[in-house]
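Subject: Structure for you to look at

Hello,

Here is the structure I promised to pass on. Please open it before you read my notes.

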Amino acid sequence: MLKQIDSHLWVAEQPLKYLGLPVGTRMTVILLSRERLLLISPINIDKETKAQLDLIGKVKFIIAPNLFHHLYLAECQQRYPQAELIATPGLEKKKPNLTIDKIFFRDEISFDSELEYLLFDGFQVLIPPKIVPANEIVFFHPESKTLILTDTIFNFDRNFPLITQLATRVLGCYQYLRPSLLEKIAIQDKEKLKQSIQKIMAWDFQRVIMAHGNIVENNAKEQLKAGYQWFTD
Ligand SMILES: [Fe+2]
């Protein structure tokens with residue numbers, strides 16, 4: 001089911017477990033000009049969500065924002081065969097069976113002034129026992145002053161099951177807008193990371209949407225700054 005966040009911005013959520021923890025996942029939906037819909041990190045789109053999307057516009061872009069959120073891409077393409085799948089660099093090697101139409105920074109991809117993006121260069125994730133790059137593309141929707149991240153920030157709280165609350169307390173992202181200790185441990189190039197964070201902070205956002213955790217509507221920029229300070233200290 002879609003939940004409206006701003007005049008041209010929606011999210012849809014579904015349950016998901018990561019390393020056994022219920023963390024949920026969230027898709028972001030943006031309505032661009034000419035009734036074009038863009039889906040960031042699609043979830044399993046059920047009939048109700050599809051009907052809601054159909055009322056709003058036509059799905060033209062399906063975005064795979066990093067190397068991890070690819071579970072529902074093929075299914076989403078089947079639902080919307082006319083849509084372009086645009087993926088982060090490296091996904092074509094990780095998931096060779098996917099039909100990817102365009103790759104960020106390799107192909108010409110522009111949403112004019114309606115949506116901006118950049119690569120969160122330097123951000124890596126510890127997936128025990130390996131450290132792997134996330135290659136995450138982060139987005140800024142100027143009209144709604146919203147920053148859209150996927151796995152590069154979390155924000156868990158008491159709305160999540162107790163086991164998730166306990167684990168994220170230990171991992172440093174319970175009631176904080178932060179990456180987790182798993183990403184903090186994975187840092188290899190702090191300077192590169194700080195440069196990416198500086199670029200993100202240059203956007204004029206007031207709200208932060210992420211894939212796992214609660215959307216932050218107030219003081220998001222201050223909270224994000226503090227969270228990334230902790231992360232890179
Ligand atoms: Fe994720």
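What radius of gyration would a compact globule with 233 residues have, and what does the chain have? The globule would have one near 17 Å, and the chain has 17 Å, so the two agree. That radius is taken over C-alpha atoms, and the globule rule is 2.2 Å times the number of residues to the power 0.38.

Two notes on the source. This is a predicted model: local features need pLDDT of at least 70, side-chain atom pairs count only at pLDDT 80 or more, and totals for chains, interfaces and linings use all residues. Residues are numbered from 1 along each chain as its sequence is written.

**Overall**

The C-alpha trace spans about 45 × 35 × 35 Å along its principal axes. The chain has seven helices and 15 strands. Both are DSSP runs, numbered from the N terminus: helices are H or I with at least four residues, strands are E with at least two. Of the 233 residues, 40% count as buried. Buried means that 20 or more other C-beta atoms, placed from the backbone, lie within 10 Å of the residue's own.

**The start of the chain**

Strand S1 (residues 2-6) and strand S2 (residues 9-14) run antiparallel, joined by four bridges. They form a hairpin with two residues between them. Gln4 of this pair stands opposite Trp10 in S2. Two strands pair if DSSP finds at least two bridges between them.

**An open sheet**

Four strands make an open sheet in the order S10-S13-S14-S15, with mixed pairing. Strands S10 (116-119) and S15 (207-209) stand at the edges; each has a single partner strand, so one side of each is left without a neighbour in the sheet. Strand S14 (residues 146-148) runs parallel to S15, and three bridges join them. Leu147 stands opposite Val208 in S15.

**The core**

In soluble globular proteins, nonpolar side chains tend to be buried together. Here the largest nonpolar core has 60 residues. Such a core is a set of buried Ala, Val, Leu, Ile, Met, Phe, Trp, Tyr and Cys residues joined through C-beta atoms within 7 Å. Strand S7 (residues 58-64) gives the most to this core, with five residues. Val29 and Val208 are among the residues with the most contacts inside it. Leaving aside neighbours within four places in sequence, Val29 is in contact with residues including Leu2, Trp10 and Leu39. Contact means that C-beta atoms, placed from the backbone, lie within 7 Å.

Best wishes

Methods:
A residue is buried if 20 or more other C-beta atoms lie within 10 Å of its own, exposed if 12 or fewer, and partly exposed in between; C-beta atoms are placed from the backbone. Two residues are in contact if their C-beta atoms, placed from the backbone, lie within 7 Å.
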